Amino acid sequence: MELRFARRAVAMAAVFSASVGLTLAMGAPAQADDDPVVTLEQPAPVALAPADMTGVAKTAQPYFDFRTTGPLDNQATLTIDVTQLATIARVTFSDNCTVKQHVATCNEWLWDPDGSSSTVGASTQMTIRALPGAAIGSTAGYTVSGTADGATIVGGRGSVEIGGPAYNQAQPKNLSGVAVGSALTVPVRFTNIGDRPADSTQVLLMASPGLSFTKHYANCMYSTGFSTREAQAALCTVPGQVLPGEKAAVSPAPRVRVESSAYYTYLDAQIAPTGDAGLQSLAAGRQWTQGTGGQLTLKVITPGTATDAPSGTVSLPMTGSRGNYRVTSLRADNTADFAVTGDSATAAQGDTLTMNFSMVNNGPATIFYRSGDTMDARFVPPPGTHVVSTSANCRPYYCSGADIVTPAGTVAHFSVTLQVDEVIPGAQGSVSMAWGPDDSYRPPFDPDAANDTAALTLN
C-alpha cells in the first residue's frame, strides 16, 4: 500500500562481544563536549490485540529511532526495561540482546557518517504479544536508555495497551476517462473491526496534482504545497463515538474537482480514531488553514455493539488486505505533449565540443508516475565522434529527464561533450524520448510522436 509510514533509517545490525567494555549506568565515562548527542524519538504507542481476535496482528514491534547532532560510527549499548510491561504482555528481543529479570541489554552499532540529523534506526527489535487474560484497556510502559563510546544517548519511554479500535477502510473504485473540469464523489467508508470504541474520528485526505477539493468544511483544516506529490491535503475531525463492529461513512462524501492539469492523479485517504499516532505523523510539519463551510459527520451504515471496554485512540494493526489507508486512482481524459530538442555544431578532427539538447513537457497535463518511474531521453552521438563526458543527469547514452511529478512547462536540459575522431559531412546523431527500456512502449497521454525525436548534427 502506498504512503506507508516511512522510516528514513540508516541502520547496520551488528553483535559485539561483552569485551567491548561499554558500561551501562553510573560508571559511564564522561562525554566530551563535542560528542554527538543521540536522542530517542518518542516511540509510538502500541495497541495489542487479544489472542482470540481475527483480522488484526497479534504481535507488535516498536521502532527505536534516534536523532543525532553529529556523525556517528559508534559502538553502543541499549538497555530496555520491560518490568512493568511484562505484567500485561510477553516480550522477546532480537539475538543481540541479553535479558535478565525483564531488563534487556542490547549491543548496537549506531551509524550515520553524514551526521545529517536524519533518523538512525537501531538493529534491536522488541516483539510484544498480549498475555492471555490481560484486561482490555489495561496499559503499561517500558523505558529505553543507553551508553556509547564517544556519544551521549538520551533515552525515553514507550507505552503499550491491550485492545483498541481498528478502522478497516473499504477500497474505493478506481476511475479512468474522467472529464477535465468535472467534479467527482470519492466515498470514505470503514468498519471498526477492533474491540474498543473510539470517541471521535479523524480523516486525512491528500489530493495529488490535478485534483482540488470542491468544498472546505469547518471541522477540517487544509494545507497546500507540502510536497510535489500532493496539491492539497485536508485533515478533518469528525465527532461521534464509533462502536466495535460499526460500519460508517464520512458524510457528505468528499468531492474533488478534476483540474486542467490532471492525468494520472490520486486521492489518498487515511482514517483513524482522533489522536492516532500513525495519522498524526502524516499530518505533522504542515501549515494548516481552518475551513469555514458546513460540517462533515459520520453516517452509520451498520450499527456497532455496545461494550464496557474503554474508548481508545491507538489503532490495532490489521493483517492481510485490511487497513485504514486507501488510494483512489483517477485517470483524466487529457494529454501531455513531451518533446525533445537537438543541436548542431561544426568542429575539426581532434576538436572537443559540447552539444546541448533538452526534453520538455508541453502539457497541458502534469504527469505523475507514482511508481517512481521517470521519463527519460536517449541520445546517439554523430558518427565519427566519441563521448568524453556528459552532464550530471546523463550517462552514455541515456539521460534522466523527469521527476516522479512532471508539471506542464518542465524543461530538462542535457549536454554531451564529444571528441571528433573523423570529419564526416552532415554526420547526424539523435536524441529521442525513451519510452520504456526498449522503446516499445508509447504512453497514451502523448499521441504526437512527431516531436519525440530531434537531430544532433555535426559538420
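User: What makes Cys 97 and Cys 106 a disulfide?

Analyst: Their sulfur atoms are 2.0 Å apart, and a disulfide is a pair of cysteine sulfur atoms within 2.5 Å, so the pair qualifies. Keep in mind that this is a predicted model, where local features need pLDDT of at least 70, side-chain atom pairs count only at pLDDT 80 or more, and totals for chains, interfaces and linings use all residues. Residues are numbered from 1 along each chain as its sequence is written, and side-chain values use heavy atoms, with hydrogens and water left out.

User: Why is Cys 97 called buried?

Analyst: Buried means under 20% relative accessible area, exposed over 50%, and partly exposed in between (1.4 Å probe, protein chains only). Cys 97 has 13%, so it counts as buried.

User: Why is the disulfide of Cys 220 and Cys 236 called right-handed?

Analyst: Because the torsion about its S-S bond is about 110°.

User: What makes Ser 315 buried?

Analyst: Its relative accessibility is 17%, so Ser 315 falls on the buried side of that cut-off.

User: How do you know that the side chain of Ser 315 makes a polar contact with that of Asp 276?

Analyst: The distance is 2.8 Å. A polar contact is a pair of N or O atoms within 3.5 Å; within protein, one must be able to donate a hydrogen and the other to accept it, and residues adjacent in sequence count only if both atoms are side-chain atoms. So this pair counts as a polar contact.
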